[in-house]
Structures are given as structure tokens and as C-alpha cells.
Amino acid sequence: MTYRYFLLASFFVFLFETSSDALFAQGVEKKSCFAVRANPHAPIVDGELSDEIWTKGVWSSDFTQHEPHNGSNPSQKTEFKIAYDDDYLYAAFRMYDDEPNKIVARVTRRDDTEGDYVAIGFDSYFDKRTAFVFLLTASGSKMDMVVTEDGGREDDNWDPIWWGKAKRTSFGWTAEMKIPLNQLRFSADEEQVWGLQVGRHIYRNQETDFWQHIPKDAAGFVHLFGNLYGLKGLTPKRQVEIAPYVVAKTESFKPEEGNPFMTGRRNGLNVGADAKIGLTNNFTLDLTVNPDFGQVEADPAEVNLTAFETYFDEKRPFFIEGSNLLSFPLMFGDGDLASNNLFYSRRIGRAPQRDVELADNEYAHVPSNTTILGAAKVTGRTPNGFSLGVLESVTGNAYAQVDSLGRRYHQLVEPLTNYTVLAAKQELNDGNTIITGMLTSTNRSLNDITKDVYHKNAITGGVGVQHMWADKKYAVELKLFGSHVDGTKDAILITQTSSARYFQRPDIKHVSLDSSRTALNGSGGMFQFGKIGQGHIRYMAAVAWRSPQFEINDIGYTPNVDDIFQVIWVGLRYWEPTSIYRSFNVNFNQWTGWNFGGDFIQKGANVNLHMQLPNYWSVSTGVNWNGEELSVSELRGGPALLLPGGWNTWYNIHSDGRKRLILGGGGSNFFGFFDNSFRQNIYLWLRYKPSKSIQLSLNPSFSHSESNLAYVTNVDLADETKYIRGFLNRDTWALSLRLEYSINPELSVQYYGRPYFTSGKYTDFKYITNPKANSYSDRFMEYTDSQISYSDDAEEYSIDENTDGALDYTFSNPNFNYLNLQSNLIVRWEFRPGSSLYLVWTHGKEAYESVYSRSLNDDVDNLWDSHPHNVFLVKFSYRFN
């Protein structure tokens, strides 16, 4: 998103570093701006700049180019002026342009800005670490964020109340902002000095200009702001906002004969409230009572054939805002590793986990989510660099309603649960030393039905220290964390035998399965060191470990444990445009893993490059080598299985993002050794902007995979377990469609649709014989035609392994064909800042068969003919401020 160019220096804090003293020795001086009192009349925010306060006095200017040619003169002139009164800050901007007809003014939703913009950042704490940023595009669309850690982190989920208007003129465009002082944090001093930065982005040139020049290799961002003087007699304001809401909903779905809960229609009415209360000028209390997230987009459909749960991003507004503070990552890097965290907010309000027990002729209605009775969150930061975040949430008992021949009763499927999260951070030594900590607690009210399914209590905690030196050129970080869960013997036995650890494995030696345990304690840590700034070369070496007993999944997320993971990374960065590229990055990675028994479980290496060309096209590619892997989870409770490695290549390209029509595509290919597996993924990406307020995007994708040792089932016999595998041939098609029509910055219409088709066929069934054999072919034995037969009526395979004519065991046909359609239409009207009206239509279809489909056309027809599930809702919220 283009607004990130204003905060580009917050990215370069991790890349290039120079001390501020050195900066100013190079001739970069801090600039000063003087705010004026808006007396006797406050300006009217209309973008006209015709108020008396704007027609007099000195306007600040003299900007410097930051992108693409750092330190050069800007191509266009920019001016601004700041005023204030007892309750508001006012800012006015003049953006001159030699070619005003080329100004890009796209109308978008809040925080999804695109086009020419102007932004202003206030370090009102004047701690030189934190900034409140307000951005306004030439169309009047808004974006806002909080920047912390001197630019190291940014939270664009912060949505304060403020006003902004923009207007096109003969010389370019103008903008005007009105920001309530209760949305900012500052001291009670009679006369104050704030940090100030103003930036302008010229979209057609991809040019960013700053009022206070910041070299690209500067250390940090906020501490290099210029100074804002003239603020006198300001009183810190406490923020008090309450937003009650009401939701009316109706559903229609396919009726099911005999099922009293599936009559084809269901109606509902829900009320609740959100609140934001300033406890002090620095700390804010967020509250929600019976929250509703009906306007939130659903998670994408998938068929998960692994033993591990799928990680889904948080989309609920209450949990997103301030999430940077309420986070304690356990691993380094991006992707799957980055999702490991002591706090995974999707646990709160999750789907009930206990299965309903039904007799014959009984039907059940199970709620899709547990109800969040209430949640409170306190977040804030003091001027001395101490940040605190506390979250408390209670979810109620969730009951499945059961009908037994007309008699109704309830079954408890999720117990009353209290979740607590405490996070703190202290910045010392001018931000060069950062101490972080987190403590979480999950406590449940259990009864005889649920005590053997859930942990009674779960506690996790962690502490971390990061230190930077040599003008933040180098950094070292250490994290230590631990966990404790307790409950009945059966509950802890479930934990020991879960897919995260599989203590029941017959070949495991460094831990043992203990059915008498009523508690489990685990630990882990991470250590990393690297050159993170200054110059074109950076590197990092790290190691992370998690003991076999480590368990955080009551409120955190980690799919597997019992590992020691080492990685080395070296990166090259070139940022100044040349005749060959605008930017060029290359990365080298190497990794190795062991378990706590000393077994070598994985190794690999990677090289990848990313380049933006002079014509603004971008290309990326990379290649991975994956060594042989010892998988302790592949046989799902069985012995560890040695899996071949392979080569993986990936690539993508997309065209100039400034154009109306943007095209892109890419894919990946994995070639497993010994023909054990093959994966191919191809995707295309198209975005079309036919007008300044309409945007259409399409993302079709296709993936094909082949696996010779795909999981089928485990069959327990009297004296052994058969680990049955097969050759899986799987095809998956998906198409994501988005249409956004922003009538104005406050009124928008969004449509999202995603048909998804996946089908798999299993052949060449086999069973594992020697899972760690040196030779790949000695690890399994394939069934012969005389050993295996299939029954169409029973839809199962029969095995006569010793060919004596007697049935030894059976397993079901694992073929599958899953069809799914998700779509929603959302009309959102923010009729006043913080107050909204939502109209939502959700339309879904689903079909499943235990067959393999060869025809995408037939799948489309079958999905089209399946009965839809429609949800219509109206949500009205009004914020009192």
C-alpha cells in the first residue's frame, strides 16, 4: 500500500544505520515549525484554506526528496501550516503541481489508500520513539497509524476520530485536517515541544518528499523528526467513547428432513457495546460486551490433510488494534515460523472443541463459535519508554441443543473460560536496550463432562532482551519462555498424545508417555545475533528451541514442539536507482534442525532475489534445497519416518502498480528425490481500476500435487499397527474475486467471492515396513493385486496380507472431492466518525463426495446446483464521544 512510503524509514531501521550526531555532522539539521493559536475563530475543515488563520503568517516548506533519489530536490513544491486551540490541532497543506491533471486521486476505504497523499506525524510524547501519523489522499481518503520503537513497529489498525478534507486547485491540491487533542498523548507542561514530520507522495513518479530530511541509511525514524514549537497552555485530554450497536440477522439454508434444527430458516437479534475510555492521558481502556463480528470476512475454505491445525489471521477489530504490543513471537523470520506466538487471539471465541454425543434418532445444533461475554484491554505507553498491555476476556458456556424425538436438552461443548494476557516492554539506553515480557493464563470452569477433555489451567510466560550497539549497527536478542498445563490424567494424556508431540511413538527414547501425569511443564528459547544496519550487507545467526513438553495452544499457537532449530541469513540490499534496477535485494539462508533426543530431523538452504526494474515492474525468484527429513509426526503416533528431500523453485512477476491495469503471476515447483513427491502451483493476479472509485481484482490459481507416501489411515491390529499410505494425485482450483466501489471515503461497497475445488485420488496403496531404512524403497511394501480388493457397495478396501483367503483388515476409500463457494457483499457507511451502518449479505455453497473428479466443468455445475446458505444482517453502531 502506498501510504507505507511515508514511513519508509521505519523499514530502513532494520537495514541501514547512522547515528544522529553523524547525520547532523553531514549537514542535516533539525528543522523547526511554529504552531499558532487559532483565535478567535477555529478554521472550518473544508479543504478550501480560506479561513483567516491560513491567510496570514509563515508557511513551512523546503522539502527534500526521500524516494527515489534520497537527498535531491523535490520535483514539486509543498507547504504546510499548523494551528491549535484548547481542543484541536489543525493542519493545512498546499501541494503544488506543474501538471495538476496528472494528480492521482483515487477514492478508497480508510487505511487502504492509493494515489497522491500528504501525511503528518506528531511525536507528542517527545520521547523520540513514538509518533501518531495522519494521512490524507488527494481524494479525501484517510489513513492513520501509531509508530513505535523509533519506527521499528507500526500499527495501522489504530482508528482515531479526526476530520480531513482535500480539494483540487488550479495549482495542484490542498488538504486540511482537524485532530482532537484527546486522540493524542502528551504532557501537562505549560509550553511544549513535539517532534514533527510531514511527508508528501507523488504517485505518478513514486516520489516521496519529507520536510525533515532523513537519509536512507539513517538510524531509526522518529528521533530524527523536526521540532514543533509554539504549543502553550494545552491540557491533556481523556478519551471517552462509547459505541452501542444492534444487529438483526436472518439465515436461509437447505432444510433437512426430520432434523428440527434444519428447518431452512433462522432469525436472530443481538445487542452489545464497545467502549474506549482514557484512564489517563497515556493509558486507554477498550471494552466490548457481547461483540459481534458479522461484518468480518470469513476464513478461506480448505481441505487440510495434515495432522496440524491451520493458522488463520485475526480479522476482528477489537483484537487487531494494539496487537503489536500483545505479541510475543517464539521464532524468527516470516511465514509459518512467525505464526508461533504465546498469544493467538483466535483462541478466544473459537468453535467448540468437544464432540456432541448422539444416540439414534437424535439431532443437534452446535454453535459455530463460543460467545465472548465480555473483553477488556488496557494499552498505553509512558514518556519514559514503558509500554503496557493487558487483555481480559471471558467466554461463556457453549451448549449444543439436542433433540431426542421431540424432547430437547443441552450438552456442554465448551466450558466457561477466562483468558488473561499481560505484556510489558521497557526501552532503555535511548532505545538501544529493550526488555519485553508476557504472561498468559487460561482458566476453565469444568464439570464431569468436560474435565477429561480440557486443561483446567494453562499458564505461559516469556521474557526477552534485545540490545543494539555501534549506532544500532549490531543487535543481539535472547528470549526465554515456558509453559504449564494441568488437569485430569485423561486431559493430560490427550496433550501427550496430540499431534504436537506424539509421546506414544514406539521409537521415542528421550521422553516417555506417562498416563498418571496431571500436569505438564515445558520451556523454550531463542537467541539471535546479527548486523542489522548500515551498509549494503546484513546478516543474522540464530537458534531456537522448544522442549517436548512445551504446550501453549490454550491461548497461543505452536503446531509442533521438540525441536532445536538453527538458521544463518545473509542479505544484500541496493536501494539507489540505476539504469538496470530501482532496487535490488538478494538473500541467502541455511537451516538445520534436531529434536531433543539428538536426532537430525531437517536441513536446507535457500537463495532468493527481488528486483524492481526501471519501468516499475517487479520480479522475484528463488530456489530451495531441502535435505532428507526425519518426520516424527508423519505416521501420526507411529515411529519416525525418513522422508526424501527435494528441490523447490519459485518465481513471480507483476507489472507497474501505478497503472489502471496491473497484471502479475507466478508459481512454484517442488521435485522430490526418488520421485517421492511433486508439487506445482501456478497463480495469476489481475487488478483493474476503471475509475477513481472502482477497483476489480482477480486471482485464479491452480495446484497439482503427487505424493507417494500420502497418509491414508493407521489400522490397529492385535499385535501391531499398520501405517497405510498411498500415492495421492490431487488437483486444486481456486478463484478469488474482489470488487470495491468507494462512493466516497465514508461510503463503500465491497464484494468478495471465492469458488474452491479440490479433488484427490489414491492409488498404489502400501504399508510402512522399515521407516528409517537407508534405502527409500525398503521403507514400505506395496500391496499386490492378490492382497488388496475394493468393494463399491461398502466403499472400502479389503486386505488379505498373507493371501490365505481370510480377511486381515479393511480401510475406507480415501478419495475426496470438495467443492466450496464463499461470497459476501458489504455496504459500509460511516455516517459520522466512529459511527457506522453495515448491510451484509453472505452467500455460501458446499458439496463433498468420496470420489475423485476428473472434470472441473462438472464440479462447477454441481456447486452451482447445490443449495445455498444465505445470511443477511444489518448492523448499526453509534459512537458517543
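**Salt bridges, strand pairing and local backbone features**

Arg 129 is buried, with a relative accessible area of 7%. This value, like the others reported here, comes from a predicted model. The side chain of Arg 129 meets that of Asp 150 in a salt bridge, with an N to O distance of 3.6 Å. Arg 129 sits in the loop between strand S6 (117–123) and strand S7 (131–137), while Asp 150 sits in the loop between strand S8 (142–148) and strand S9 (153–155), so the contact ties together parts that are 21 residues apart in sequence. Asp 150 is likewise buried, its relative accessible area being 1%, which falls under the 20% limit for that class.

This pair belongs to a set of 41 salt bridges in the structure. Another member joins Lys 31 to Asp 62, with the closest N and O atoms 3.6 Å apart. Here Lys 31 is placed in the loop between helix H2 (20–25) and strand S1 (32–34), and Asp 62 in the loop between helix H3 (52–55) and S3; the pair therefore ties together parts that are 31 residues apart in sequence. Asp 62 is exposed, at a relative accessible area of 57%.

Glu 720 and Lys 722 provide a further example, their side chains meeting in a salt bridge at 3.5 Å, N to O. The two partners fall into separate accessibility classes: Glu 720 counts as partly exposed at 39% relative accessibility, whereas Lys 722 counts as buried at 7%. Elsewhere, salt bridges that share partners join Arg 110, Asp 144, Asp 159, Arg 828 and Glu 830 into one network.

Attention now turns to the strands. Strands of a sheet pair through backbone hydrogen bonds, in either a parallel or an antiparallel arrangement. Strand S29 (residues 563–574) is antiparallel to strand S30 (residues 583–594), and eleven bridges link the two. Within this pairing, Ile 568 faces Gln 590 of S30 as its opposite residue. S30 also pairs with strand S31 (residues 600–612), again in the antiparallel sense, over twelve bridges. On that side Asn 587 has Asn 608 of S31 standing opposite. Five residues lie between the strands in the hairpin of S30 and S31, and Gly 598 in this hairpin adopts a positive phi near 90°.

A separate open sheet is built from three strands in the order S42-S43-S44, paired antiparallel. Its edges are strand S42 (788–791) and strand S44 (809–812), each of which pairs on one side only. On average, and with direction ignored, neighbouring strands of this sheet are turned by 25° against each other. Strand S43 (residues 796–799) is joined to S44 by four bridges, the two running antiparallel. One of the opposite positions in this pairing is Glu 796, which stands across from Ser 812 of S44.

The surface carries a nonpolar patch of about 700 Å², made by Leu 428, Ile 435, Val 463, Val 465, Trp 469, Leu 478, Leu 480, Phe 527 and Phe 529. At least two residues of the patch come from each of strand S25 (457–469), strand S26 (474–486) and strand S27 (519–531). The most is given by S25, with three residues. Phe 527, one of the patch members, lies in strand S27 and is partly exposed at a relative accessible area of 37%. That residue therefore passes the patch criterion of over 30% relative accessible area.

Some backbone features also deserve a look. Most residues other than glycine have a negative phi, and most peptide bonds are trans. Against this background, the peptide bond from Glu 67 to Pro 68 is cis, with omega near 0°. Pro 68 belongs to the loop between strand S3 (64–67) and strand S4 (78–84).

Asn 361, although not a glycine, has a positive phi of about 65°. This residue occurs in the loop between helix H4 (317–320) and strand S18 (362–365), and Asn 361 is exposed, with a relative accessible area of 54%. Phe 674 is another residue other than glycine with a positive phi, in this case near 60°. Its place is in the loop between strand S36 (661–672) and strand S37 (677–691). Phe 674 counts as exposed because its relative accessibility of 56% lies over the 50% cut-off for that class.

Definitions and conventions: Residues are numbered from 1 along each chain as its sequence is written. This is a predicted model: local features need pLDDT of at least 70, side-chain atom pairs count only at pLDDT 80 or more; totals for chains, interfaces and linings use all residues. Side-chain values use heavy atoms; hydrogens and water are left out. Two strands pair if DSSP finds at least two bridges between them. Axes are lines fitted to C-alpha atoms, for helices over the stretch in contact, and angles run from 0 to 180 degrees between N-to-C directions. Patches are made of residues with over 30% relative accessible area and no salt bridge: like charges are joined within 9 Å, nonpolar side chains (Val, Leu, Ile, Met, Phe, Trp, Tyr) within 5 Å. Accessible areas come from the Shrake-Rupley method with a 1.4 Å probe; for residues, only the protein chains shown count as cover. A salt bridge is a side-chain nitrogen of Lys or Arg within 4 Å of a carboxyl oxygen of Asp or Glu. Buried means under 20% relative accessible area, exposed over 50%, partly exposed in between (1.4 Å probe, protein chains only).
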